[in-house]
Amino acid sequence: MTSVIIAGVGSYAPQRILTNEDLTKIVDTSDEWIRSRSGIRERHIAAADEATSDLAIKAAQSALLDAKITAADIDLLIVATCTPDYPVPSTACVVQHKIGIPPHATCFDISAACTGFLYAMEIAYGQLLTGRYKCALIIGAEKLSSIVDWKDRTTCVLFGDGAGAAVLKKVNQPGVGIIGSDLGADGELLELLYIPAGGSRCPASPLTLEAGSHFLHMKGKEVFKNAIKVMETVAREMVEQHHLTFDQISLVIPHQANYRIIEALASNLGVPLDRFYVNLDRYGNTSAASIPLALDEARRAGRIKPGDYTLLVAFGAGLTYGSTLIRW
Ligand code: COA
């Protein structure tokens with residue numbers, strides 16, 4: 001019996017920290033409003049010359065080190081991002097070249113917004129089990145500061161930049177690593193969170209630029225309600241499918257979007273909040289980077305021990321959503 005395990009994790013956040021107080025100088029907001037509505041205190045913002053791949057590479061190097069392997073061992077690279085370096089080609093190709101992953105490796109990006117890391121993990125899991133790949137590197141990386149409208153106080157206060165990565169490999173041991181995954185999407189709700197222009201439906205033009213259509217547009221209240229609903233459903237299903245109870249889940253690592261969403265999720269599931277890992281106060285919402293960043297921190301903080309069950313649960317633009325159960 002074989003399993004796919006997480007052999008190493010790593011993360012990186014840019015050096016510059018933007019506090020809520022700093023934001024009050026940019027838009028009409030307050031530390032009190034941001035903290036009470038979202039739980040966010042500060043976020044990391046990439047430098048002008050730092051692209052998503054630069055963040056991804058630092059997280060990847062840290063994960064490779066943790067897994068005690070080198071880039072030469074990787075034959076599958078997946079980068080989950082909604083802020084690629086270029087529209088064409090993939091950010092994965094930039095990472096592959098700069099980090100020294102051999103040219104015979106399969107390298108591509110996936111677009112599943114904040115659920116991207118769980119989507120990447122599911123794809124890598126399946127590919128490793130086929131036996132066609134030996135070692136996968138999956139990365140969630142975002143420079144969201146490049147797509148938020150810094151004049152729109154309803155969105156710009158919520159997001160940050162960062163990256164997280166994991167090395168996955170197959171082992172001949174049953175019942176460890178990725179135990180299950182349940183992913184979904186509801187495209188009917190895509191306009192709750194999207195960038196209207198810059199793609200093939202509405203290519204870039206002076207008019208789209210003037211209208212600010214290249215920035216992230218969000219209906220916050222609807223996203224909020226849907227997030228709690230879908231995360232509760234996929235978290236519950238994942239635990240029940242594997243004949244477990246939430247008492248057996250040592251740590252839940254939810255997508256780090258809003259503390260109130262996490263509070264509501266914990267309350268609906270009947271799980272104490274101290275079994276949820278939360279770091280959004282220091283990073284804000286980093287989309288596809290949010291779960292691997294939290295996973296890396298949680299592991300390094302000793303919150304994950306051999307034999308533990310960890311539940312990852314996410315939602316994001318699409319709307320996409322998913323949960324992944326891991327046994328260490
Ligand atoms: N500072 C001060 N006031 C702000 C503000 C800000 N940064 N942003 C919005 N406001 C104002 C609004 O204009 C509104 O004023 P009004 O009542 O005069 O119209 C008021 O605050 C309340 O706004 P509201 O939208 O009702 O707040 P909320 O309690 O729903 O919280 C969010 C807003 C965005 C924090 C919340 O809806 C949310 O987190 N949604 C989910 C977003 C998310 O997670 N997105 C990513 C998904 S991956």
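Between domain 1 and domain 2, the count comes to 22 residue pairs in polar contact, with both partners at pLDDT 80 or more. Bear in mind that this is a predicted model. The domain assignment gives domain 1 as 3-175 and domain 2 as 178-327.

**How the two domains meet**

- The C-alpha centres of domain 1 and domain 2 are 14 Å apart.
- On the domain 1 side, 50 residues are in contact with 46 residues of domain 2.
- Together the two domains bury about 3800 Å² between them, and 63% of that area is on carbon and sulfur atoms.
- Cys114, Leu118 and Ile147 supply 17% of the area that domain 1 buries against domain 2, more than any other three residues.
- The rule finds two salt bridges across the interface of domain 1 and domain 2.
- Asp66 forms a salt bridge with Arg299, and their closest N and O atoms are 2.7 Å apart.

**The face of domain 1 that touches domain 2**

- Several elements each supply at least two residues to this side of domain 1, among them strand E1 (3-12), helix H3 (52-67), helix H5 (116-130) and strand E7 (161-171).
- Helix H5 gives the largest share of this side, with seven residues.
- By residue class, this side of domain 1 divides into 24 nonpolar, 17 polar and nine charged residues.

**Around the ligand**

- There are 23 residues around the ligand, and Thr29, Arg153, Gly220, Lys221 and Asn258 come nearest.
- The side chain of Thr29 has an N or O atom 2.7 Å from a nitrogen atom of the ligand.
- For Lys221, a polar side-chain atom lies 2.5 Å from an oxygen atom of the ligand.
- Trp33 also places a polar side-chain atom 3.2 Å from an oxygen atom of the ligand.

**Backbone details to check**

- Most residues other than glycine have a negative phi, and most peptide bonds are trans.
- The peptide bond from Val88 to Pro89 is cis, with omega near 0°, and Pro89 lies in the loop between strand E4 (76-80) and helix H4 (91-99).
- Gly318 and Leu319 are joined by a cis peptide bond with omega about -10°; Leu319 is in the loop between strand E12 (309-316) and strand E13 (320-327).
- Lys68 is not a glycine, yet has a positive phi of about 60°, and this residue is found in the loop between H3 and E4.

Methods: Residues are numbered from 1 along each chain as its sequence is written. This is a predicted model: local features need pLDDT of at least 70, side-chain atom pairs count only at pLDDT 80 or more; totals for chains, interfaces and linings use all residues. Side-chain values use heavy atoms; hydrogens and water are left out. Domain bounds come from an automatic or database domain assignment. Contact means heavy atoms within 4.5 Å. Buried area is the accessible area (1.4 Å probe) that two parts lose on being put together, summed over both. A salt bridge is a side-chain nitrogen of Lys or Arg within 4 Å of a carboxyl oxygen of Asp or Glu. A polar contact is a pair of N or O atoms within 3.5 Å; within protein, one must be able to donate a hydrogen and the other to accept it, and residues adjacent in sequence count only if both atoms are side-chain atoms. Helices (H or I, at least four residues) and strands (E, at least two) are DSSP runs, numbered from the N terminus. Ala, Val, Leu, Ile, Met, Phe, Trp, Tyr, Cys and Pro count as nonpolar, Asp, Glu, Lys and Arg as charged, and the others, Gly among them, as polar. A residue is near a molecule or strand if one of its heavy atoms lies within 4 Å of it.
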